[in-house]
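Please keep the model in view while reading.

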Amino acid sequence: MTAAAANLGGAAATPLAPRDVYVPPVLYPHAGTVWFVGQRHNVTWDNSNPPKQITNKIGRIMLRKGDLTTPVILADNFSILLGHIEVTVPWVEDGSDYQIVLFGDSGNFSPLFTISGS
């Protein structure tokens, strides 16, 4: 084990390129929005000012209800630089405490909105 540690001691660390965390705000759905089960909507976020070096450009959109992010994935594996992605409203219980969570570098929450029609 000492020999293995000695071998690691001479290895030079490769410097990482500086990267920025990209936190684009969700524009739609917004407060007052009502979605109905089965409808299709474009979740939209502001992509007008992305940094040059984004840590993670691959996006995922999940549904949040109340204080919990549900396991429902509405969209996955898209470029966070698109600014919008179409989703289908899933079959969930009616409620006015839903949010979209936009993942890429971080998780950005939309304002609260309503899903109806279950």
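There are four salt bridges by the rule applied here, a salt bridge being a side-chain nitrogen of Lys or Arg within 4 Å of a carboxyl oxygen of Asp or Glu. The model is predicted, so that local features need pLDDT of at least 70 and side-chain atom pairs count only at pLDDT 80 or more, while totals for chains, interfaces and linings use all residues. Residues are numbered from 1 along each chain as its sequence is written, and side-chain values use heavy atoms, with hydrogens and water left out.

**Salt bridge between R40 and E86**

- R40 and E86 form a salt bridge in which the closest N and O atoms are 2.7 Å apart.
- This pair connects distant parts of the chain, with R40 in strand 3 and E86 in strand 6, 46 residues apart; strands are DSSP runs (E, at least two residues) numbered from the N terminus.
- E86 has a relative accessible area of 41% and is partly exposed, a class that lies between buried (under 20%) and exposed (over 50%), computed with a 1.4 Å probe on protein chains only.

**Salt bridge between R60 and D76**

- A salt bridge joins the side chains of R60 and D76, at 3.1 Å from N to O.
- Distant parts of the chain are linked here too: R60 belongs to strand 4 (residues 58-65) and D76 to strand 5 (residues 68-79), 16 residues apart.
- R60 is partly exposed at 31% relative accessibility, and D76 is partly exposed with a relative accessible area of 42%.

**Salt bridges around K65**

- The side chains of D97 and K65 meet in a salt bridge at 2.5 Å, N to O.
- D97 lies in strand 7 (residues 95-103) and K65 in strand 4, 32 residues apart, and the pair links distant parts of the chain.
- D97 counts as partly exposed at 27% relative accessibility, as does K65 at 21%.
- A network of salt bridges links K65, E93 and D97.

- Three strands make up an open sheet in the order 1-3-6, with antiparallel pairing; two strands pair if DSSP finds at least two bridges between them.
- Strand 1 (26-28) and strand 6 (84-88) are at the edges and each has a single partner strand, so one side of each is without a neighbour in the sheet.
- On average, neighbouring strands of this sheet are turned by 35 degrees against each other, direction ignored; the axes are lines fitted to C-alpha atoms, and angles between N-to-C directions run from 0 to 180 degrees.
- Strand 1 and strand 3 (residues 40-45) run antiparallel and are joined by two bridges.
- Opposite V26 stands W45 in strand 3.

Methods:
Helix = DSSP H or I, 4+ residues; strand = E, 2+ residues; numbered from the N terminus.
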